[in-house]
Amino acid sequence: MAKVKSYIPSDFNIERDPDKCIACQVCVRQCSYEAHIYDTEEDAVNADESKCIGCQRCTVFCPTEALTVGPTSNPNQKANVHWTEKEIKRVLKQAETGGVLLTGMGTDKPYPIYWDHMVLNASQVTNPSIDPLREPMELRTYLGRKPDMLQFKFKDDGPSLETILAPQLKLETPILFSAISYGAVSYNVCESMAKASKAAGTFWNTGEGGLHKNLYQYGNNTIVQVASGRFGVDKSYLDVAAALEIKIGQGAKPGIGGHLPGEKVTEAISQTRMIPVGTDAISPAPHHDIYSIEDLSQLIYALKEATNYTKPVCVKIAAVHNSAAIASGIVRAGADIIAIDGIRGGTGAAPTVIRDNVGIPIELALAAVDQRLRDEGIRNQASIIAAGGFRNSADVVKAIALGADAVYIATAALVAIGCTVCQKCYTGKCPWGITTQHPQLIKRINPDIATERLTNLLRGWSLEIKEMLGGMGINAIESLRGNRLHLRGIGLTDTELDILGILPAGR
């Protein structure tokens with residue numbers, strides 16, 4: 001059968017300066033997509049632009065800086081606001097394949113980023129600012145259920161606490177590494193997050209891929225997931241962890257399950273996930289343990305019973321229109337922590353149409369959930385972790401002022417160790433060694449170097465958080481939590497201001 005001509009233009013142009021290129025083949029070796037091809041007869045390197053994903057690894061490692069990679073622009077396409085080049089390419093791809101379009105990372109649609117429409121208060125005369133270099137500044141955060149009141153007994157040697165506290169997670173900074181499963185990313189990435197969490201006094205989340213036995217030594221800084229596929233879930237997995245998280249949904253694909261292709265299920269992943277080598281790992285869309293709040297409560301207490309009530313249990317949901325009502329039910333079902341993942345949350349693989357069109361921004365969901373729990377008088381019964389596209393320390397501070405106890409970061413963490421957000425994670429060919437199980441590509445992540453970079457990121461953000469707190473005249477992160485008077489909105493509608501619970505700038 002004759003090969004059908006593709007109508008799909010290349011996404012990227014590869015320009016090679018012939019005066020600088022020395023045909024060293026570094027680009028050939030570095031490109032896992034085989035976009036660079038060495039011609040032995042001509043002793044020259046050519047390019048197949050149809051295979052280029054724009055990861056920029058070749059430009060970074062080219063010793064003579066002979067390469068430039070940039071997005072294409074089709075001069076033959078008539079400009080059309082509605083039928084953009086991206087939308088036309090999507091139609092062409094489905095016309096040629098008849099399949100579901102997949103993508104990775106978070107949505108790149110131009111939805112409003114509400115963090116950029118909020119500004120923070122600053123101290124002036126009546127409330128002096130605090131210098132974090134000279135005054136103590138408290139970022140330590142405790143996640144878990146808090147009692148309605150504390151009871152003390154007073155003795156000759158002083159007061160003693162009689163109230164039995166629920167198990168808590170102690171964080172030295174209000175930032176955790178979000179759920180990224182082993183299989184979706186390489187072992188070296190998981191090890192780096194685990195080691196960085198221990199060094200920084202925070203926690204990382206295994207995602208739904210189980211926990212490699214070699215990483216059990218980091219259990220005191222590990223949150224393990226119990227998802228619909230139950231991959232890797234057994235007694236030792238639950239016992240070694242510091243906390244347990246029931247995954248119901250995630251921001252990049254609310255309402256649908258997960259899928260790890262069989263080609264990514266190597267021997268090591270097979271043992272960790274407890275599935276046969278080379279078989280697809282399917283996480284069902286519905287969590288078959290949970291069809292009601294009563295079912296959720298039963299699972300929460302089953303996990304607490306299995307771990308002798310020594311670990312907090314978190315429930316993770318995607319940010320959707322009725323998140324506030326769902327969160328209320330989750331708290332009343334016995335969860336100690338709620339994790340909410342917004343529409344900009346990343347993923348290893350998701351249908352593009354789901355990632356870009358389902359769910360709501362984390363800012364709106366967070367504000368609605370915090371307010372609902374406060375109105376019902378149960379805010380102290382569960383901590384809130386916000387997730388979904390946190391880019392910098394200012395986003396973190398604003399999220400805490402909106403009502404979060406802490407935030408999850410994932411894409412920022414991957415960027416810190418080399419990710420260029422090319423959105424091709426689902427192919428398993430990540431040139432940076434992050435979202436791959438290819439033995440040679442995995443080696444491109446050095447766990448020691450990646451650990452240092454992740455630790456530096458957390459340290460840098462933490463120092464900036466202290467600077468911002470000091471500027472607001474606050475010496476403890478606890479005093480900022482849910483204090484929306486420290487926020488003002490710019491360029492927001494009255495409805496948006498009302499949902500966020502903040503005043504417009506100037507008032």
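Mentor: What follows goes through some of those pairs and then turns to their surroundings. A few ground rules come with it: this is a predicted model, local features need pLDDT of at least 70, side-chain atom pairs count only at pLDDT 80 or more, and totals for chains, interfaces and linings use all residues. Residues are numbered from 1 along each chain as its sequence is written, and side-chain values use heavy atoms, with hydrogens and water left out.

Side chains of opposite charge can pair when their charged atoms come close. The term to know is salt bridge: a side-chain nitrogen of Lys or Arg within 4 Å of a carboxyl oxygen of Asp or Glu. By that rule, the count here is 29 salt bridges.

Let's start with R90 and E87, whose side chains meet in a salt bridge at 3.6 Å, N to O. Both sit in helix 3 (residues 85–97), three residues apart, which is about one turn of the helix. Helices (H or I, at least four residues) and strands (E, at least two) are DSSP runs, numbered from the N terminus.

Next comes K153, which forms a salt bridge with E162, with the closest N and O atoms 3.2 Å apart. K153 is partly exposed, at 40% relative accessibility, and E162 is partly exposed as well, at 42%.

Now look at R344 and E363, which meet at 2.6 Å, N to O. R344 lies in the loop between strand 18 and strand 19 (350–351), while E363 belongs to helix 10 (residues 362–375), so the pair ties together parts that are 19 residues apart in sequence. Both R344 and E363 are buried.

Eight strands close into it in the order 11-12-13-14-17-18-20-21, and the pairing is parallel. Two strands pair if DSSP finds at least two bridges between them. Strand 18 (residues 337–341) and strand 20 (residues 383–387) are joined by five bridges in the parallel sense, and I338 stands opposite I384 in strand 20. On this sheet packs helix 8 (residues 323–332), touching strand 17 (313–318) and strand 18, and its direction makes about 165° with that of strand 17. Touching is contact, meaning heavy atoms within 4.5 Å. The axes behind that angle are lines fitted to C-alpha atoms, for helices over the stretch in contact, and angles run from 0 to 180 degrees between N-to-C directions.

Which residues are linked in a network of salt bridges? They are D370, R374, R379, D405, E478, R481 and R484.

For contrast, finish with a nonpolar spot. L150, F152, F154, L161 and L165 make a nonpolar surface patch of about 530 Å². Patches take residues with over 30% relative accessible area and no salt bridge, joining like charges within 9 Å and nonpolar side chains (Val, Leu, Ile, Met, Phe, Trp, Tyr) within 5 Å. The areas come from the Shrake-Rupley method with a 1.4 Å probe, and for residues only the protein chains shown count as cover. L150 sits in the loop between strand 7 (141–143) and strand 8 (152–155), and L150 counts as partly exposed at 44% relative accessibility.

Methods: Buried means under 20% relative accessible area, exposed over 50%, partly exposed in between (1.4 Å probe, protein chains only).
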